Amino acid sequence: MPTPAACSLPIRRLTPHDLTACADLSEDRGWPREEHKWRLLLTAGTGYGIDDPGGGLVAACVVTEYGSGERPELGAIGMVLVAARHARQGIGRRLMRHIVAAMGTTPLTLYATPYGRPLYEELGFKTTGHSEMLTGHFTPGGAEPQVATRPASAEDLGRIVRLDEEVFGTDRTPLIARLPAFSDQLRVAVDDGQVVGFAAAWPNMETHVVGPLIARDTETAKSLIASLAAHTDRPLRTDIDVRHEELLAWSKERGLASVAVNSVMTYGITELPGDWTRRFAPLTVAAG
């Protein structure tokens with residue numbers, strides 16, 4: 001029997017049982033395996049993939065849906081990958097078209113590398129912002145941020161969920177509720193007994209990723225980053241909205257270096273919902 005062309009193979013839903021195949025696909029494209037992140041995305045979101053008749057996956061991606069109603073209010077697309085042996089055959093375009101069609105009228109968002117942006121533009125996505133990826137060992141210095149922080153307690157989770165919905169612009173309880181188990185640290189910033197920000201640090205290969213980072217203002221964001229850094233020996237990694245110029249400059253002064261600038265793109269909406277002035281960094285660019 002002849003092997004069917006990859007461009008004609010069926011697209012199916014992925015499950016957590018596909019974790020190893022997804023990590024293998026990441027490795028195939030020169031990305032870290034990121035099994036911890038893949039596990040979160042495949043349980044909190046919906047994976048789509050194409051099986052390779054020879055074993056493994058031809059392509060994969062994940063959509064994380066947000067909203068409290070029967071229909072999602074926003075879908076975040078991430079981890080769009082095509083195996084190197086099947087590159088430049090239109091498979092990524094076919095997979096993305098399938099997702100856009102499956103999501104119907106739901107607004108979509110994604111973070112695009114310069115390499116991927118032309119494909120998304122072809123499909124109708126528009127660039128509405130940018131984020132800068134930083135990584136490095138955090139070195140304290142200068143005037144220390146003054147906003148009090150502490151580890152989040154079980155009683156804080158409801159406050160975190162409510163603050164996140166207010167700032168993010170739509171409910172993402174299924175994702176946020178996983179933070180205590182997913183992250184190595186989850187801290188809140190408090191002022192007069194009120195939670196005014198929160199941030200997590202979760203393990204990803206040799207780094208700790210700082211995200212999500214939600215804060216009342218820049219000083220609160222600084223305090224959260226500094227407090228997370230004080231409790232890890234790993235390098236930090238985070239993706240900061242470029243409009244937060246003061247936080248970017250402060251982070252670079254303390255040892256974090258710029259790695260890349262990615263485009264924040266949307267489909268079906270002209271800008272993301274919520275309050276960008278308090279949304280400093282995503283949990284991961286793969287989940288918006």
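Q: Is Tyr267 buried, exposed or partly exposed, and what is its relative accessible area? Please also describe the ring contacts around this residue.

A: Tyr267 is partly exposed, with a relative accessible area of 25%; buried means under 20%, exposed over 50% and partly exposed in between, with a 1.4 Å probe and protein chains only. The model is predicted, so local features need pLDDT of at least 70 and side-chain atom pairs count only at pLDDT 80 or more, while totals for chains, interfaces and linings use all residues. Residues are numbered from 1 along each chain as its sequence is written, and side-chain values use heavy atoms, with hydrogens and water left out.

Tyr267 belongs to one aromatic cluster together with Tyr120 and Phe125. Rings of Phe, Tyr and Trp (its six-membered ring) pair if their centres lie within 6.5 Å; planes under 30 degrees apart are stacked, over 60 edge-to-face, and the rest tilted. The whole structure contains 5 aromatic pairs. In one of these, the ring centres of Phe125 and Tyr267 lie 5.1 Å apart with the planes at 40 degrees, so this pair is tilted. Phe125 sits in the loop between helix H4 (117–122) and strand S6 (126–136), and Tyr267 in strand S12 (residues 257–267), so that the pair links parts of the chain 142 residues apart. Helices (H or I, at least four residues) and strands (E, at least two) are DSSP runs, numbered from the N terminus. Phe125 counts as buried, at 1% relative accessibility.

Another tilted pair is that of Phe138 and Trp250, with 5.5 Å centre to centre and 50 degrees between the planes. Because Phe138 lies in the loop between S6 and strand S7 (148–151) and Trp250 in helix H9 (residues 245–253), this pair ties together parts 112 residues apart in sequence. Phe138 is buried, with a relative accessible area of 16%, and Trp250 is buried at 6%.

Phe138 and Trp250 are also among the residues that line the largest cavity. A cavity is a set of points on a 1 Å grid over the protein atoms alone where a 1.4 Å probe fits but cannot get out, and lining residues have an atom within 4 Å of a point. A search of the whole structure finds 1 cavity of 30 Å³ or more, and the largest holds about 30 Å³ of space, a volume being the space filled by probe spheres set on the points, which are joined across faces, edges and corners. Its lining also includes Pro140, Glu144 and Arg254.

Note on methods. 1 Å grid on protein atoms, 1.4 Å probe; cavity = no way out; pocket = protein on both sides within 12 Å on 5 of 7 lines; lining within 4 Å.
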